[in-house]
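The sequence and the structure come first, followed by notes grouped by topic.

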Amino acid sequence: MSRIVVIGGSGHVGSYLVPMLVELGHQVVNVSRGSAKPYRPHYAWSKIENVVIDRLEEEKKGTFGQRIAELNADIVVDMISFDLNSTQQVVAALRGKIEHYLFCSSIWVYGRFTAVPSRESDPVSPIDPYGKGKAESEAWLLRETRLSGFPATSFRPGHIVGEGWVPTTPQGNSNPEVYSRIIRGETLTLPNLGHETLHHVHAVDVAQFIIRAIDNREASIGEVFNVVSEQAITLRGYAESVFRWFGKEPVLSFLPFEEWLKTIEEGEYARNSEGHVVRSSSHSIEKAKFRLGYQPRYSSLEAIHESVQALIASGQVENPKS
């Protein structure tokens, strides 16, 4: 078994990944700032090594990569590198010392599409700094693998879903009130005809992909993979499904995109709604299925349903029985 360092192991995906790795017999080191608790309790958290490192502060000093190298990992899973400089610092320190580096990218490397579902061979077209940072890291890692043999794999999760946080809603943001309005049977307004798409993925399926990439190293090194559910969902179909989960007949209205955006609460929710609708994500997982045997356990709606039920149980979304 391997010694695996997970950078950002207390986050969404790590909350599923770390226990899975422990159950497989790996020695796991979770690197985090120490401010976040895993989303799910599991005995595995008492079996791992926790190392507190503030990545931003260490990067400013130029010492983050060395701190990771000193952990003597066989494999490093980097969930929280957001720009090329961060990626390069880690790789420079790990070169020649590890067997596999897995870089968490994002479907945000895609902007607008010519054809759907998008494939990994399609040109990337990021439209914001976050997507550009991920795309630059991906491209650099691919080049490093080809030129120097650095053992890197990049993967692009979709809109991550799981117990403990709010799924991207039919309005393209993370406002839990959207689900409460649906439960109350209120009208939900969508952009245009509601045919734009979202592509979710359950965190456990991202964790499953990482393990498959590790187990099939020869097929995954030097490659990039989309990691999403089997199918994207339309905003309209998504909203109608949620209404019916709670015994409500869908009540929808539609506005042109720019008018609709003005109806969304200003700030983060409006920015998120705009970003999701403009991109209208839909991605192919055929490459991951063929090369690695990746098979999502959850459909988009199954993953969302589980998460919404957890939000109701925690009081973040209105209880339909109250």
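Strands β1 and β4 pair in the parallel sense, with four bridges between them. The model is a predicted one.

**Strand β1 and its partners**

- Ile4 of β1 stands opposite Ile75 in β4.
- Strand β2 (residues 27-32) also runs parallel to β1, and five bridges join the two.
- On the β2 side, Ile4 has Val28 opposite.
- Strand β1 (residues 3-7) is largely enclosed by the rest of the structure, because five of its five residues are buried.
- The cover extends to both faces of β1: Arg3, Val5 and Ile7 are buried on one side, and Ile4 and Val6 are buried on the other.

**Aromatic pairs**

- Seven aromatic pairs are present in the structure.
- One of them is Phe82 with Tyr130, a tilted pair at 6.1 Å centre to centre and with 40 degrees between the planes.
- This pair links distant parts of the chain, 48 residues apart: Phe82 is in the loop between β4 (75-78) and α4 (84-94), and Tyr130 is in helix α5 (residues 129-148).
- Phe82 has a relative accessibility of 40% and therefore counts as partly exposed.
- Tyr130, at 35% relative accessibility, also counts as partly exposed.
- Phe155 and Phe209 form a pair that counts as tilted because the planes meet at 45 degrees, with the ring centres 5.6 Å apart.
- Since Phe155 belongs to strand β6 (residues 152-157) and Phe209 to helix α7 (residues 203-215), the pair ties together parts that are 54 residues apart in sequence.
- Phe155 and Phe209 are both buried.
- One aromatic cluster is made up of Phe155, Phe209, Phe225 and Tyr294.
- Over the face of Phe225, a member of that cluster, lies Lys287, at 5.0 Å from the ring centre.

**Salt bridges**

- The count of salt bridges comes to 19.
- Glu99 and Arg217 form one of these, with the closest N and O atoms 2.7 Å apart.
- Glu99 is partly exposed, with a relative accessible area of 38%, and Arg217 counts as partly exposed at 23%.
- Arg184 forms a salt bridge with Glu177, and the closest N and O atoms are 2.4 Å apart.
- Arg184 has a relative accessible area of 34%, so it is partly exposed.
- Glu177 likewise counts as partly exposed, at 31% relative accessibility.
- A network of salt bridges links Glu177, Arg184, Glu186 and Glu318.
- Between Arg244 and Glu249 there is a salt bridge whose closest N and O atoms are 3.8 Å apart.
- Arg244 is partly exposed at a relative accessible area of 49%, whereas Glu249 counts as exposed because its relative accessibility is 59%, the cut-off for exposed being over 50%.

Definitions and conventions. Residues numbered from 1 in each chain as written. Predicted model: local features only at pLDDT ≥ 70, side-chain atom pairs only at ≥ 80, totals over all residues. Heavy atoms only, no water. Phe/Tyr/Trp six-rings, centres within 6.5 Å; stacked < 30°, edge-to-face > 60°. Buried < 20%, exposed > 50% of the residue type's maximum accessible area, 1.4 Å probe, protein only. Lys NZ or Arg CZ within 6 Å of the ring centre and 35° of its normal. Salt bridge = Lys/Arg side-chain N within 4 Å of Asp/Glu carboxyl O. Pairing = 2+ DSSP bridges.
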